[in-house]
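Thanks for making time, everyone. I'd like to walk you through one model this morning, so please have the viewer open.

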Amino acid sequence: MSNCGHPYFTTTEQEEEAKQLLRHRHQQLEVMEPKQIKEGYLVKKGTVLNSWKVVWVVLSDDGVEFFKRKADSAPKGMMPLKGAVLTSPCQDFSKRALVFKLSTAKNQDHFFQATHLEERESWVKDIKRAITCLQGGVKFARKSTRRSIRLPDTINLSELCILMRDQENGVKEQKLEKEKRVYNHCFTGGMVVDWLISKDKARNRPEALMLATGLLNEGFLQPAGDVSKQGVEGGAVSTVLDEPNALYYFADSGFFCEGYSSDEDVIVKDEFRGNIVKQGCLLKQGHRRKNWKVRKFILRNDPAYIHYYDPTKGDEYPLGSIHLRGSVITAVEFVPDAKRYDVDGNLFEIITSDETHYFLQAATSEERKEWIKAIHTVSKTGK
């Protein structure tokens, strides 16, 4: 009697063995496939033209890919993480904050800029973790999500910055007038030094300047005005200047600068008084050409405004603002002309009290929920 199968296995046992073999091969393929860890918008410096542009970045456990648009199927470039080194903060560009550098094993440098501090720390932490796991031959797994920055002498600048921003006992944000401009929500370098000494965080002014410079280099402080910016660009020993004309502000604060202008502009300036509730990049449809561009959005409460900016050019001058008081915010599944630009999914709409419609796209469905919830809350509670 002929038997095509194994002489010691029944048909049922043969089928089970085949299934187990297929499962094993499938698991091997899963291990071979790169695991996607993180994705989102970042500003990247070009390697040929040296211009800075917004790109869609995807971090996997073995490399970083970037795309011209989120909807693109093929990346513009890929940086392998094997043998790569990440540098943060990167001080190669004095006029750009929140930059980090990824250097590949072939000594190719790639520069990325985040839109806010928490975003940079999140990317840096995950990329460093991916590099470490790749070197050790282990799978990527996030550790604690608690923010911390390694520093010598056990100094934690993150905790120090929280103390400095305390409403009661921290450094007082002021409205200061310098060189025919008014700087809101800022302070002088001398005020930072005085606070550090008064709170026993430093024994003397040189030591306090060292701490303040660390805060500046890590992106917790930002220079405001020509004097402080020249101090950073000039490569001085202490980039934070202990001078009354050197102005600084907290990253992600309500800082804004204004020139001398008429009383009518006061109402516009008041838009920036509110605390920042949420910020990040969204895709926005233009009102005239109906094309879609990535914009950085900053949501503030009391008064209830959301401002949007070109993420490649900083936060000093917004491209526009939306007054949210009395607005309606809803998720939508269809936007006219959206598919023509390969924009689909995670869309939502803001309809203002004067019936102006704004169409936006978040990166993920979860992010859309977060933005809708935050904007809705501000529109109901803010002025």
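I'll start with the overall picture, then go through a helix, some rings and some charges.

First, a reminder that this is a predicted model. The chain has 383 residues, and 45% of them count as buried. In terms of secondary structure, we have eight helices and 19 strands. If you take contacts between residues at least 6 apart in sequence, 51% of those join residues at least 24 apart. And the chain exposes about 21,900 Å², with carbon and sulfur atoms supplying 50% of that.

Okay, let's zoom in on helix α4, residues 189–198. Which residues of α4 are buried? They are G189, G190, V192, V193, W195 and L196. As for what covers those buried residues, the list includes α3 (157–164), β9 (181–188), α5 (205–217) and β11 (247–250). Just a reminder on helices: there are 3.6 residues a turn, so residues three or four places apart point the same way. After α4 comes D200, and its phi is positive, near 60°.

Now the rings. The structure holds six aromatic pairs. The one I'd like you to click on is W52 with F93, which is edge-to-face, at 5.1 Å centre to centre and 90° between the planes. W52 sits in strand β2 (residues 52–60) while F93 is in the loop between β5 (85–87) and β6 (99–103), so this pair ties together parts that are 41 residues apart in sequence. W52 counts as buried, at 12% relative accessibility.

F93 has another partner, F111: their ring centres are 4.9 Å apart with the planes at 90°, so that pair is edge-to-face too. F111 belongs to strand β7 (residues 109–113) and F93 to the β5–β6 loop, so here the parts tied together are 18 residues apart in sequence. At 9% relative accessibility, F111 counts as buried. Put together, ring pairs link W52, F93 and F111 into a cluster.

Rings also turn up with charges over them. The charged end of K44 sits over the ring of F112, 5.9 Å from its centre. K278 lies over the face of W371, at 5.1 Å from the ring centre.

Stay on K278 for a second, as we move to salt bridges. What does K278 form a salt bridge with? The partner is E370, with the closest N and O atoms 3.5 Å apart. That pair links distant parts of the chain, with K278 in strand β13 (residues 276–285) and E370 in helix α8 (residues 365–381), 92 residues apart. E370 counts as partly exposed, at 39% relative accessibility.

E333 is in the loop between β17 (328–332) and β18 (347–351), so to speak across the chain from R368, since the two are 35 residues apart and the pair links distant parts. Are the two partners buried or exposed? R368 counts as buried, at 14% relative accessibility, whereas E333 counts as exposed, at 63%. Salt bridges that share partners also join D194, R205 and D242 into one network.

One more to click on: the side chains of R203 and E207 meet in a salt bridge, at 2.7 Å, N to O. R203 is exposed, with a relative accessible area of 72%, and E207 counts as partly exposed, at 22%. In total, a search of the whole structure finds six salt bridges.

That's my tour, and I'm happy to go back to any view.

Note on methods. Residues are numbered from 1 along each chain as its sequence is written. This is a predicted model: local features need pLDDT of at least 70, side-chain atom pairs count only at pLDDT 80 or more; totals for chains, interfaces and linings use all residues. Side-chain values use heavy atoms; hydrogens and water are left out. Helices (H or I, at least four residues) and strands (E, at least two) are DSSP runs, numbered from the N terminus. Buried means under 20% relative accessible area, exposed over 50%, partly exposed in between (1.4 Å probe, protein chains only). Contact means heavy atoms within 4.5 Å. Accessible areas come from the Shrake-Rupley method with a 1.4 Å probe; for residues, only the protein chains shown count as cover. Rings of Phe, Tyr and Trp (its six-membered ring) pair if their centres lie within 6.5 Å; planes under 30 degrees apart count as stacked, over 60 as edge-to-face and the rest as tilted. A charge sits over a ring if NZ of Lys or CZ of Arg is within 6 Å of the ring centre and within 35 degrees of the ring normal. A salt bridge is a side-chain nitrogen of Lys or Arg within 4 Å of a carboxyl oxygen of Asp or Glu.
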